[in-house]
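The structure is shown below.

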Amino acid sequence: MSALDRRKWEWENATAGAIAGFATVAAMHPLDVVRTRFAVNDGRLTNLPTYKNTAHAIFTITRLEGLRGLYAGFYPAVLGSTVSWGLYFFFYGRAKQRYSKNGTQKLSPGLHLASAAEAGALVSLCTNPIWVIKTRLQLETPLHQTRPYSGLYDALRTILKEEGWSALYRGIAPSLFLQVSHGAVQFMVYEELRKFVVEFKCKESNKNLGSDAKLLDSVDYAVLGASSKLAAILMTYPFQVIRARLQQRPNRDGIPRYMDSWHVVKETARFEGFRGFYKGITPSILKNLPAASITFVVYENVLNLLRLKRRND
């Protein structure tokens, strides 16, 4: 593969990832709002409603806040997800190219893991400010005692004015652990499952390896995406709870509810036990399994279309 072809491949990965990320957020955002509100509610907050379950949360938010409440933080979510997926697939594609010596060597599971971990860390550093704003917008309710943000720009301006640049990187430690471990687990499982399915289908149809696009269809990509996402969620969800709790808006006196990650861990374990680290996992699974399916179906199909266009050119 020439240097020009490699550059085209990298940008094709980024384009496919960005389109997939946008499609995912647009379809699943209300469940993300519910997940965030469950995750930060430690039972001692007075500025968040108490929900019995996911269905009750959606019904209550719709009744009290309308569609605007269900889509709170939508713009930073779209921006963050589109940028994150685009950068993730871009960095992931580059890392795989580098580790495989420009495609001349087959990657081991460990190198797939290293590629995904490297991509996750870079994405986390680039996008953490967007997730801070998204989290705060999603947590604004009629019970909130501070002046609400009017939107993405107002939230950014207010955070910088009242708390400084460092506030945009609150939760960066669990975010790094989350991005690196979650993405690494998800992509390693995805790649290994895809390899297994391709080999299985090759044996059944007596075809040669290397024609993944012809052997796998959208149903295969959907199942592979959902399976890999479930494994990643179960292993890494506590980092999401820790990050969300750190990214909350400070109290009216300007003091954050939690000072650092260790403070979150101690307080959560003390007052809520092990279950506290998995608050909101039900809407997270409901959101992320179909979301992962949509993402990988769109990603793989867009990538195949771009490959076809490149061959035709």
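The largest nonpolar core contains 26 residues, and those with the most contacts inside it are Tyr 88, Phe 89, Tyr 92, Ala 116, Phe 187 and Tyr 299. Two or more residues each come from helix 1 (3-40), helix 3 (74-99), helix 4 (109-138), helix 6 (172-205), helix 8 and helix 10 (281-312). Helix 3 contributes the most, six residues. Another core, of 10 residues, lies apart from it and includes Val 40, Tyr 237, Val 241 and Ala 244. A nonpolar core is a set of buried Ala, Val, Leu, Ile, Met, Phe, Trp, Tyr and Cys residues joined through side-chain atoms within 4.5 Å. Helices are DSSP runs (H or I, at least four residues), numbered from the N terminus.

The model is predicted: local features need pLDDT of at least 70, side-chain atom pairs count only at pLDDT 80 or more, and totals for chains, interfaces and linings use all residues. Residues are numbered from 1 along each chain as its sequence is written, and side-chain values use heavy atoms, with hydrogens and water left out.

Leu 230, Leu 234 and Met 235 make a nonpolar surface patch of about 280 Å². Areas come from the Shrake-Rupley method with a 1.4 Å probe, and for residues only the protein chains shown count as cover. Leu 230 is located in helix 8 (residues 218-246).

The structure has zero disulfides, a disulfide being a pair of cysteine sulfur atoms within 2.5 Å. Exposure classes are buried (under 20% relative accessible area), exposed (over 50%) and partly exposed (in between).

| Residue | Class | Relative accessible area |
|---|---|---|
| Leu 230 | partly exposed | 31% |
| Cys 126 | partly exposed | 46% |
| Cys 202 | buried | 6% |

Terms used: Patches are made of residues with over 30% relative accessible area and no salt bridge: like charges are joined within 9 Å, nonpolar side chains (Val, Leu, Ile, Met, Phe, Trp, Tyr) within 5 Å. A salt bridge is a side-chain nitrogen of Lys or Arg within 4 Å of a carboxyl oxygen of Asp or Glu. Buried means under 20% relative accessible area, exposed over 50%, partly exposed in between (1.4 Å probe, protein chains only).
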